[in-house]
Amino acid sequence: MEPFFVIDVDVPRDLVLIRMGGFFGPEAIAQFTKARNEAHARLQCAPNAHMTLTDVTDMSIQSQEMVTSFQTLLANPTHRSRKLAFVHASTLARMQLQRAAASRNVAYFRTAEEAEAWLFDEQEQVEPRSANG
């Protein structure tokens, strides 16, 4: 499946909304990174004060090389979100996400509604979690 992504910014809520799918290669990662950086430039909050909700339910299982590329992308402190929520469809996808997002304040969900509730729950500021296994 060809890679695709859509990135939107909800400026009043300091929220970046991402939907990704398909099988990514180096060129798609580079295009995604550029689009993500442009989206972050639209934010009006302080650096790293935004939150990100990423829906990867249409994402194919990625090669180890691409998981490593996503890990590098997510580790960049310049674009680090205060909180990061992933919506995923499979346990294997979640395992790849966990590898890529290690050391982040991140949680994993089966629905966007659950993810958004966690992002905006002021009691959930530090501890990452996994919902619906």
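**Close-up views of a predicted model**

**View 1. The lining of the largest cavity.** Of the 25 residues that line the largest cavity, Met20, Phe70, Leu74, Phe86 and Leu97 lie nearest its centre. This is a predicted model, in which local features need pLDDT of at least 70 and side-chain atom pairs count only at pLDDT 80 or more, while totals for chains, interfaces and linings use all residues. Residues are numbered from 1 along each chain as its sequence is written, and side-chain values use heavy atoms, with hydrogens and water left out. A cavity here is a set of points, on a 1 Å grid over the protein atoms alone, where a 1.4 Å probe fits but cannot get out; lining residues have an atom within 4 Å of a point.

**View 2. The space inside and what surrounds it.** How many cavities of 30 Å³ or more does a search of the whole structure find? The search finds 1, and about 350 Å³ of space lies in the largest cavity. Grid points are joined across faces, edges and corners, and a volume is the space filled by probe spheres set on the points. Strands S2 (15-22), S3 (51-59) and S4 (83-87) and helices H1 (26-42), H2 (64-75) and H3 (91-100) each supply at least two residues of the lining. These elements are DSSP runs, numbered from the N terminus: helices are H or I with at least four residues, strands E with at least two.

**View 3. Helix H1 and its buried face.** Look here for Ala28, Ile29, Phe32, Arg36, Ala39 and His40, the buried residues of H1. Seen down the axis of H1, they fall within an arc of 105 degrees, so they line one face of the helix. The arc is that of the directions from the helix axis to the C-beta atoms. Buried means under 20% relative accessible area, exposed over 50%, and partly exposed in between (1.4 Å probe, protein chains only). Pro26, Glu27, Lys34 and Ala41 are exposed on the other side of H1.

**View 4. Phe109 in strand S5.** Is Phe109 buried or exposed? Phe109 is buried, with a relative accessible area of 0%, and it lies in strand S5 (residues 106-109). From Phe109 to Gln64 is 45 residues in sequence and 22 Å in space, C-alpha to C-alpha.

Notes. 1 Å grid on protein atoms, 1.4 Å probe; cavity = no way out; pocket = protein on both sides within 12 Å on 5 of 7 lines; lining within 4 Å.
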